[in-house]
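Here's a quick briefing to read with the model open next to you. Have a look first, then go through the notes by topic.

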Amino acid sequence: MDWKRTREPADAWHMTDDLHVEHGKGDPFAAAIRATRMSMIITDPRRPDNPIVFANDAFLRLTGYGRDEVIGKNCRFLQGPKTDKAAIAEIRAAIEDKADVSVDILNYRKDGSTFWNALYISPVSNDKGELQFFFASQLDVSDRKRSEHRITADKDRFEKAVKERTAELEAALEAQTTLLHEVDHRVKNNLQMISSLIIMQSRTIKDEATKRSLKTMLERIEALSTVHRRLYQSKDVSRFDVSDFAKDLVTDLLTASGRSGIKSKLELEPIVISAEKATPVALMVNELVTNALKHAFKEGPDGTTAGRIGIKMSQPDGHFNIEVSDDGVGMAAANGDASFGMRLIKSLARQLHANIEWRDAGPGTKVVISMPNEPQQKGTLS
Amino acid sequence: MIEPLKVLIVEDEALLAMELESLVEEAGHSVVGWATSSAEAKSMVDSTDADIAFVDIHLTDGPTGVDVAHYIGERKRSMVVFMTANPKRIPDHFAGAIGVIAKPYTMNGLTSALRYLQEGVRRPPPVSQRPAGFTLSPAFEAVWAPAA
């Protein structure tokens, strides 16, 4: 259809909004805009307060107003108390900049009910680039907004539930950590008190043999103390670095012996064992080192004792090996097979599924302990 | 010979205080007082001339040992060493203390620490090896045991 021939003055459409009026009747675009289901209006920014100069029927249906109630008015009558101020500001800024804007805004009908308006505004300029009108379309997206709100509410509810649960778990963990620290603190204090009791009792005893027994007992308890001091220093309380412990223990035993002529030789790989193995390993190492200190070295003619105690820890291929060696008088001369210390070592070895072997190192003795040490996984300890 | 130390013990456990006193005296030092609470400790700090105070974190009036250390630090007359089974409660700045002897310490560990502290207080920096179980505060680490 050649509609150009019947073309009327360019602004004929806004002479009236009546579909049946003669002016603009021949313009199919004007007719389409009048009849479309999409709500549309046109405003005139050249007039004061940018009033509506055209509103189609769909706009009137959507908003509930009559044509005479909207023509000549600024669109802000669609806003109400719950309309988002930021959305209004966004629209205002676009109009001032003569720019497009697309925004979802809560609008009010004549009867006070609300609807979500997917508003689109675009400026219309003439050939010279002068702003003539604003064209605005409104789409009721209340349904979409409702489901968006529902999804947001669901999400908020889930997030809140997750947050609450997380807080509960954190509180439970916190309580457990506090309890662990409390128990740890008590264990350490009690070990300290046991040591103190033994030392004080020992001071009152005259008999040398009894004194020596108490000293041996103190050494064993101090070995346990050293384990406990080291045990909770790391973040992971289920694992224990046995090489750090060995260093502490040997240094302590050697200085305590007061025999500066005896040197230590430490070859310690950093080896981590499970916490439950820490105590038996510590007691074994303590027995072997104190045994060597007591029996392996003979006093020289000048009253001093010279010698060397070596500790080597390594972990070849799923195993954990400890070697305690000395360059002293050798096994034949140091006989303690029937002693409590020896029984202790053998029982602890059984507990750890360890092989233990005394070798003649010529000079001296070498004790080799070998036990399985599977790589420890976090949380495998029951 | 280095002059012995005058020691103030701030410890709520009688048994541990008793034993600590014996060990301190056996090592040739003297104990000038024993306090079990922070209030008692503060008044003793003012009334004695201790060179060094061994301060437990947990006292009869709660975890007030750090507070006591601050008080001693402000008076600038004595030095502080914490003695605690719970070193994690010590703030990072150590409240001005030299360091901490972690409980449970061994008899030898304590004797060695006393020797080390005697050297550190009288003729810093100490020459003895730092004993196992004794940790220096960052400030004292920088002065007494600077990394080569």
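Across all chains, the structure holds five aromatic pairs (rings of Phe, Tyr and Trp, the last by its six-membered ring, with centres within 6.5 Å; planes under 30 degrees apart are stacked, over 60 edge-to-face, the rest tilted). Keep in mind that this is a predicted model, where local features need pLDDT of at least 70, side-chain atom pairs count only at pLDDT 80 or more, and totals for chains, interfaces and linings use all residues. Residues are numbered from 1 along each chain as its sequence is written, chains are lettered from A and ligands numbered from 1 in the order in which they are written, and side-chain values use heavy atoms, with hydrogens and water left out.

**Ring pairs up close**

- A:Y65 and A:F77 are edge-to-face, because their ring centres sit 5.0 Å apart with the planes at 80°.
- That pair links distant parts of the chain, 12 residues apart: A:Y65 is in the loop between helix 2 (57-63) and helix 3 (67-70) of chain A, and A:F77 is in the loop between helix 3 and helix 4 (85-97) of chain A. Helices here are DSSP runs of H or I with at least four residues, strands are runs of E with at least two, and both are numbered from the N terminus.
- A:Y65 has 17% relative accessibility, so it counts as buried (under 20% relative accessible area is buried, over 50% exposed, in between partly exposed; 1.4 Å probe, protein chains only).
- Over in chain B, B:Y116 and B:F134 are also edge-to-face, at 5.6 Å centre to centre and 65° between the planes.
- B:Y116 is in helix 4 (residues 107-122) of chain B and B:F134 in strand 6 (residues 134-136) of chain B, so this pair ties together parts 18 residues apart in sequence.

**Where chains A and B meet**

- In contact terms (heavy atoms within 4.5 Å), 25 residues of chain A touch 23 residues of chain B.
- In chain A, A:Q192, A:R203 and A:R229 lose the most area to chain B, together 27% of what that side buries.
- The two chains bury about 2300 Å² between them, 58% of it on carbon and sulfur atoms; buried area is the accessible area (1.4 Å probe) lost on putting two parts together, summed over both.
- The rule finds two salt bridges across this interface (a side-chain nitrogen of Lys or Arg within 4 Å of a carboxyl oxygen of Asp or Glu).
- A:R203 and B:E19 meet in a salt bridge at 3.0 Å, N to O.

- Most residues other than glycine have a negative phi, and most peptide bonds are trans.
- B:K103 and B:P104 are joined by a cis peptide bond, with omega about 0°; B:P104 lies in the loop between strand 5 (99-102) and helix 4 of chain B.
- Another cis peptide bond joins B:P124 and B:P125, with omega about -5°; B:P125 is in the loop between helix 4 and strand 6 of chain B.
- A:N50 isn't a glycine, yet its phi is positive, near 45°; with a relative accessible area of 14%, A:N50 is buried.
- A:K98 has a positive phi of about 55° and isn't a glycine either; at 51% relative accessibility, A:K98 counts as exposed.
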